[in-house]
Amino acid sequence: MVECSCNTSNEELAKQLDKIIDPYRDKPSGLIQVLTKAQNLVGYLPKWAQVQVAEGLGVSLQDVYGVITFYAFFSLIPRGRHKISVCAGTACYVKGTKMVTKALRDLLDLRPGQTTPDSRFTLEIVRCIGACGLAPAMIIDGKDVHGRLEPELIPELLEQYE
Amino acid sequence: MKSLEELAKIRESRREALKIRQGVPSKTEKAHIMMCGGAGCISSKCLDVVEAMKKALNKNGIADQVQIVLTGCMGPCDMGPVAIIYPDATFYRRLKPKDAETIVEEHIMKGNKIRRLMYRAPGSKEPTPKVDDIDLFAKQKKVVLRNNFYIDPTSIEDYIANDGYVALGKALTEMKPEDIIEEVKKSGLRGRGGAGFSTGMKWTFTAAAKGTPKYVVCNGDEGDPGAFMDRSVLEGDPHSIIEGMAICGRAIGAEHGYIYVRAEYPLAIERLDLALQKARENGLLGQNIFSSGFNFDIEIRIGAGAFVCGEETALLTSIEGKRGEPRPRPPFPANEGVWGKPTVLNNVETWANIPEIIRKGAEAYSSVGTEKSKGTKVFALAGRINNTGIIEVPMGTTLREIVYEIGGGIPRKKAFKAVQTGGPSGGCIPAEHLDTPVDYDSLGALGAIMGSGGMIVLDEDTCMVDIAKFFLDFVVDESCGKCSPCRIGTKRMYEILDNISKGKGKEGDIELLEELATTIKATALCGLGQTAPNPVLSTIRYFRHEYEEHIRDRKCTCNVCEFEE
Ligand SMILES: Cc1cc2nc3c(=O)[nH]c(=O)nc-3n(C[C@H](O)[C@H](O)[C@H](O)COP(=O)(O)O)c2cc1C
Ligand code: SF4
Ligand code: FES
Ligand code: FES
């Protein structure tokens with residue numbers, strides 16, 4: 001879930017982040033839950049958020065960084081307004097993940113891990129989104145599942161994401 | 001919840017209200033519409049159908065006489081969106097928003113069922129209206145998925161109506177902890193997360209281990225990239241896991257549990273969270289449950305996208321909020337688990353079996369299955385097969401029955417080539433072994449594994465070198481890098497496969513792959529590395545000629561690999 005943060009100042013976000021931290025204050029074991037929520041709030045995990053989380057939970061900044069880089073879910077860089085997650089699980093691979101990533105590359109010049117220059121889309125690869133029956137599949141913004149993908153259908157499908 | 005009587009009261013009153021789902025027409029309600037809300041059906045836009053249903057009900061002024069329930073995955077995902085309409089248990093498939101009005105105005109209001117939306121068995125002109133008569137469900141047996149056609153996953157009353165929490169009540173009021181463990185042991189239940197270790201033995205070790213407090217953990221990391229059985233249970237029947245874990249808490253003397261779920265499953269997390277709240281409100285978690293003096297509660301922990309965290313020691317470290325790196329075993333979690341304390345860790349599907357074992361008894365439970373593999377197994381059937389989705393079959397069902405009778409065979413008259421089980425830790429089983437019964441030992445003997453339940457069907461157009469390369473790519477991506485056999489060895493294997501797939505393979509490459517595989521299996525620190533070579537070994541075992549063809553003739557009969565000039 002990538003939420004737009006353009007109209008919300010960092011100060012406002014920092015206040016909301018404090019609310020997220022509150023139940024876990026001085027509880028290092030809550031680190032992954034807090035980072036997950038923080039990323040859902042801010043869209044990624046900038047330095048200021050890392051510092052705030054580290055201080056709130058009583059862990060070192062180094063540990064926070066270590067956890068962020070270990071887990072694929074976390075991102076240190078800003079992402080596009082919409083996140084396209086193409087499934088490269090076995091079922092999808094067997095039925096044409098390559099075709100989908102190629103279509104996105106041809107259409108948007110976008111490769112996994114990259115964001116379009118206009119910040120509209122970020123592309124990532126995920127493993128199985130539970131729609132194996134409709135492979136190949138992808139999920140946009142963590143909620144819209146699109147299955148039975150065919151390259152020709154992709155341009156139209158992306159139109160609804162501004 | 002203070003007593004079994006109190007539970008029975010809720011059950012009876014709710015059962016009355018749900019009789020309609022048993023086929024008994026109701027005086028006050030016209031229908032219950034169970035809409036599948038699994039990811040497959042969501043991608044086929046089932047939510048638009050639900051909206052259209054609501055509109056149609058409102059328009060006809062019967063919104064208060066019809067319930068719409070969003071269930072977990074019902075199984076036949078490729079037919080989605082699917083729905084079951086009670087009381088007549090009519091199964092509809094491929095629903096479109098425009099069908100909603102017809103269903104409401106014709107079926108629900110006038111009793112005229114809509115033939116064109118019904119399932120038709122292959123080769124049959126007549127549709128099959130009732131869900132229970134549908135051929136692909138007939139070969140299945142629902143134990144783990146016992147509730148998924150019937151209950152609203154957000155309603156604890158629905159769960160209770162279907163005998164939910166009876167097992168916990170029985171365990172707390174009528175059984176001693178040792179009896180509970182004995183029953184689980186006798187049931188023959190083996191872990192559904194892949195390794196197939198005896199669940200009863202695991203509980204015995206933890207119960208006997210020194211150190212308090214003890215912990216109960218549910219592994220809902222579901223790492224196999226091509227499978228979503230656990231997700232279906234988490235989303236479709238969250239209370240069955242909570243109940244199973246609480247029973248274990250009593251058996252081993254633990255008061256605290258963790259459910260570890262991947263962040264990629266937001267709906268599962270939401271439903272679990274709600275289920276935990278409801279269980280607390282009803283006194284089924286918390287203090288003095290069933291007035292037995294037993295206290296138990298559960299916290300959710302979120303996994304953040306690292307395959308290795310499905311491995312038990314990594315998962316336990318991750319629960320503590322750290323980088324999920326595996327550590328050597330022993331010590332096993334039974335002795336040193338979360339926070340270094342004795343811990344039982346089981347898979348989602350394993351947990352969902354527990355209430356059935358306690359409620360019906362070990363003997364009834366173990367009447368299904370084979371000698372050494374009891375009960376049922378849930379599989380996610382996908383790939384080049386007609387009926388894709390979630391199935392549950394008795395252990396011992398043959399692969400042929402699964403692929404042809406339940407799965408409906410291979411599309412477009414293509415030839416079957418192999419079925420892949422166990423994901424990146426497993427292997428491919430070729431056509432000559434289609435009559436193998438599915439159980440832990442038979443699959444193991446073939447160089448595959450039962451795994452957690454991913455089952456991917458491959459047809460004549462699938463290149464086995466490419467498949468092996470796919471899994472190695474995954475493993476290289478997911479290796480945590482802590483030990484060098486896995487970090488360097490799998491990378492090396494990947495490079496060789498990559499060369500072969502590009503027409504740059506050399507004589508001796510196959511032997512080199514086998515040699516590397518042997519070393520990695522013997523020396524890697526955790527299960528990820530130890531099993532990583534399996535997809536390569538099993539494809540070499542059964543499809544060596546394809547490797548040879550790539551290397552010697554620079555040819556890929558399936559036309560998948562692109563050779564460099
Ligand atoms: C790399 C790796 C990944 C694993 N992933 C999972 C998983 O996603 N879910 C799971 O239940 N078990 C997984 N396991 C197995 C667990 O380590 C453990 O054996 C299992 O959860 C125990 O539960 P069970 O006895 O009920 O099967 C994995 C093991 C390895 C080595
Ligand atoms: S085998 Fe691989 S995943 Fe396991 S500890 Fe070693 S490097 Fe990490
Ligand atoms: S493998 Fe792509 S959705 Fe499961
Ligand atoms: S998601 Fe609806 S049947 Fe599987």
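**Chain B against chain A**

I started with charges and found 2 salt bridges across the interface of chain B and chain A, counting a side-chain nitrogen of Lys or Arg within 4 Å of a carboxyl oxygen of Asp or Glu. I looked up A:Lys98, which forms a salt bridge with B:Asp466, with 3.5 Å between the closest N and O atoms.

Before going on, I noted that this is a predicted model, where local features need pLDDT of at least 70 and side-chain atom pairs count only at pLDDT 80 or more, while totals for chains, interfaces and linings use all residues. Residues are numbered from 1 along each chain as its sequence is written, chains are lettered from A and ligands numbered from 1 in the order in which they are written, and side-chain values use heavy atoms, with hydrogens and water left out.

Next I checked polar contacts between chain B and chain A and got 17 residue pairs, both residues at pLDDT 80 or more. The rule asks for a pair of N or O atoms within 3.5 Å; within protein, one must be able to donate a hydrogen and the other to accept it, and residues adjacent in sequence count only if both atoms are side-chain atoms.

How many residues does each chain put into the contact? I got 50 from chain B and 35 from chain A, with contact meaning heavy atoms within 4.5 Å. The two chains bury about 3400 Å² between them, 60% of it on carbon and sulfur atoms; that is the accessible area (1.4 Å probe) that two parts lose on being put together, summed over both. On the chain B side, B:Ala304, B:Arg323 and B:Phe470 lose the most area to chain A, together 17% of what that side buries.

**Domains**

For chain A I noted domain 1 (10–70) and domain 2 (82–158), their C-alpha centres 29 Å apart.

I found 6 residues of domain 1 of chain B in contact with 5 of domain 3 of chain B. That pair has 0 salt bridges but 3 residue pairs in polar contact.

**Ligands**

For ligand 1 I listed 18 surrounding residues, the closest being B:Gly193, B:Lys202, B:Gly223, B:Asn347 and B:Thr350; near means a heavy atom within 4 Å. An oxygen atom of ligand 1 is 2.7 Å from a side-chain N or O atom of B:Thr350. I also noted an oxygen 2.8 Å from a polar backbone atom of B:Gly223, and one 3.1 Å from a polar backbone atom of B:Glu222. The protein covers 89% of the 610 Å² of accessible area that ligand 1 has on its own (Shrake-Rupley method, 1.4 Å probe).

Last, ligand 2: of 13 residues around it, B:Cys480, B:Lys482, B:Cys483, B:Cys486 and B:Cys526 come nearest.

How values were computed. Domains from an automatic or database assignment.
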